[in-house]
Structure formats: structure tokens, C-alpha cells
Amino acid sequence: MKYQSLVCLSVFLLIVSCTLSPSGGLAAQQATGVPVAANALDQLTAPIALYPDAIAIQILTASKDFDKVKAFAGWLEKNSSLKGTELQDAAQKAGFDTALVALAPFPQVVKMMVEKPDWTKALGQAVTADKKAVSDSIQRLRAQAQAVGNLKTT
């Protein structure tokens, strides 16, 4: 009986603390209407949400293996004199994954991924865990940007 009372009290305190705490899960969800997990995912996808689909997809795919992204960044530095198709052909010939070859014309994106290893790895883990949730997050952020006039279709 004493154990059940202790469990009930613990559950009650957990619910109250989540509800009253400004950073608590329930309060955050009630304030935004978006579940806490989705908010965390939105923060993760925010840096790439407004990129064109073709680039965003390659970033998501490449993020699954940070070591390959890092090796590719080094290769890009060594081959900075190459541009366009010549660069992509050389990257493919060097044996890099298709996603990295597609990112070759965007060295600033690859550089960002290498400079933020925790973010890149977390993004890759999120993609591996639930591609649909990641895609939904990107679409949600795009809708928000469009609603405030920061994203216009061409």
C-alpha cells in the first residue's frame, strides 16, 4: 500500500511539473500546438528546411555517415580548382556516394555539415529513425515560412 501511494505521488508530481514548468513537455505542446518531439525535430531541420528539395534530400542522405561527409570535405578542399560537372565527375570517380557527389557544387553546405558534427550526426540519426517525421518537419517549417511571407513559390 505504501509503495502504491509513493508511485501515485511520483506520477502526480511528474504531471504537475511538466504542466507548470515553462520548459516542460506538456506546457510546450500546449503553447505551440506542436508536440515536443516535433519541436525538437523542427530545430534540427531548420537549417535546411528552406533549401530546395533536391539539395535537402542529399543533405539528409549524406548526414547518415558523418565520417564520409568529413572525408568528402577534405577531398573538396584538395580539389577546389575543379568546378561544375568536372568536379562532380571527379568526385564520382573518387568513389564518393551519390548524395555527396550531388553536394559537390555546394561546398558551403558540406562545410556547414563538417563544422557542426553534432548537428549532422543528430540529423542522420533522425533520418534513419523516421524519414517521414523529418520530411513532415521540413514541410511544417516551409508552411510557417510561407505563412509569414518568407517563402514564395517560383
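This is a predicted model: local features need pLDDT of at least 70, side-chain atom pairs count only at pLDDT 80 or more; totals for chains, interfaces and linings use all residues.
**Exercise 1.** Describe the secondary structure of the protein and the sequence separation of its contacts.

*Solution.* Begin with the elements: there are ten helices and zero strands. Along the sequence this reads α-α-α-α-α-α-α-α-α-α. Then take the contacts with a separation of 6 or more: 65% of them are between residues 24 or more positions apart.

**Exercise 2.** Determine which residues of helix H8 are buried and how they lie around the axis.

*Solution.* Helix H8 spans residues 107–115, and its buried residues include Val109, Val110, Met112 and Met113. These residues lie on the same side of H8, because they cover an arc of only 155° around the axis. An α-helix has 3.6 residues a turn, so residues three or four places apart point the same way. On the face turned away from the buried side, H8 carries the exposed residues Gln108 and Glu115. Finally, the cover over the buried residues of H8 includes helices H4 (53–62), H5 (66–78), H7 (98–103) and H9 (117–129).

**Exercise 3.** Decide whether Arg142 is buried or exposed, and list its contacts beyond four places in sequence.

*Solution.* Arg142 belongs to helix H10 (residues 131–147). Its relative accessibility is 12%. Buried means under 20%, so Arg142 counts as buried. Leaving aside neighbours within four places in sequence, Arg142 is in contact with Ala49, Leu50, Tyr51, Pro52, Asp53, Ala56 and Leu151.

Key. Residues are numbered from 1 along each chain as its sequence is written. Side-chain values use heavy atoms; hydrogens and water are left out. Helices (H or I, at least four residues) and strands (E, at least two) are DSSP runs, numbered from the N terminus. Buried means under 20% relative accessible area, exposed over 50%, partly exposed in between (1.4 Å probe, protein chains only). Contact means heavy atoms within 4.5 Å. The arc is that of the directions from the helix axis to the C-beta atoms.
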